[in-house]
Amino acid sequence: MASDAPAPTSAWKAVKPFVNGGASGMLATCIIQPIDMVKVRLQLGATGSPLAVGAAIVKQDGVGALYKGLSAGLLRQATYTTARLGIYQIFTDNLVKLNGHEP
């Protein structure tokens with residue numbers, strides 16, 4: 001069965017590594033943010049296990065408190081990780097071409 005999907009454009013091929021890099025970095029930040037918040041509270045002197053500290057944060061300030069500072073993390077990922085992973089893909093593709101298409 002033949003696919004009816006159009007072939008990717010050259011613009012999409014150029015942008016795809018950047019989009020994938022930014023999206024993956026931002027998703028990772030959303031998942032790690034609550035763990036990082038608990039880690040920081042422990043480093044600042046909170047007592048108890050990580051689960052107890054997380055529960056105390058939620059009890060005192062609500063679930064949203066685990067995500068305080070998320071905007072800064074997302075901004076970092078949207079710039080730094082997007083560029084880093086996008087440039088990495090371009091760089092490695094060019095090196096493979098220079099090496100006679102051998103990885």
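Leu66 is buried, with a relative accessible area of 13%. Buried means under 20% relative accessible area, exposed over 50%, and partly exposed in between (1.4 Å probe, protein chains only). The model is predicted: local features need pLDDT of at least 70, side-chain atom pairs count only at pLDDT 80 or more, and totals for chains, interfaces and linings use all residues. Residues are numbered from 1 along each chain as its sequence is written, and side-chain values use heavy atoms, with hydrogens and water left out.

**Leu66 and the loop**
- Leu66 sits in the loop that runs between α2 and α3. Helices (H or I, at least four residues) and strands (E, at least two) are DSSP runs, numbered from the N terminus.
- Leu66 touches Gln33, Pro34, Met37, Val38, Ile57 and Val58, leaving aside residues up to four places away in sequence. Contact here means heavy atoms within 4.5 Å.
- Leu66 and Gln33 are 33 residues apart along the chain. Their C-alpha atoms are separated by 7.0 Å.

**Helices α1 and α2**
- Helix α1 covers residues 10-43. Helix α2 covers residues 50-61.
- Their axes come within 9 Å and cross at roughly 100°. Axes are lines fitted to C-alpha atoms, for helices over the stretch in contact, and angles run from 0 to 180 degrees between N-to-C directions.
- α1 and α2 are therefore roughly perpendicular to each other. Angles under 35 degrees count as roughly parallel, over 145 as roughly antiparallel, 65 to 115 as roughly perpendicular, and the rest as oblique.
- From α1, Met37, Val38, Arg41 and Leu42 take part in the meeting of the two helices. Their counterparts in α2 are Pro50, Val53, Gly54, Ile57 and Asp61.
- Met37, Val38 and Ile57 belong to this meeting of helices, and they also touch Leu66.

**Thr29**
- Thr29 lies in helix α1. At 11% relative accessibility, Thr29 is buried.
- Beyond residues up to four places away in sequence, Thr29 touches Leu70, Gly73, Leu74 and Gln77.

- Side chains of opposite charge can pair when their charged atoms come close.
- A salt bridge is a side-chain nitrogen of Lys or Arg within 4 Å of a carboxyl oxygen of Asp or Glu. The count by this rule is one salt bridge.
- Lys39 pairs with Asp36 in a salt bridge, and the closest N and O atoms are 3.0 Å apart.
- Both residues lie in helix α1, three residues apart, about one turn of the helix.
- Lys39 is partly exposed at 39% relative accessibility. Asp36 is partly exposed at 31%.
- Lys39 and Ser24 are 15 residues apart in sequence. From C-alpha to C-alpha, they are 22 Å apart in space.

**Nonpolar surface patch**
- Leu27, Ile31, Ile32 and Ile35 make a nonpolar surface patch of about 410 Å².
- Patches are made of residues with over 30% relative accessible area and no salt bridge: like charges are joined within 9 Å, nonpolar side chains (Val, Leu, Ile, Met, Phe, Trp, Tyr) within 5 Å.
- Accessible areas come from the Shrake-Rupley method with a 1.4 Å probe; for residues, only the protein chains shown count as cover.
- Leu27 is in helix α1. Leu27 is exposed, with a relative accessible area of 53%.

**Pro103**
- Pro103 lies in the segment after α3 (70-98). Its relative accessibility is 91%, so Pro103 counts as exposed.
- Pro103 and Gln77 are 26 residues apart in sequence and 28 Å apart in space, C-alpha to C-alpha.
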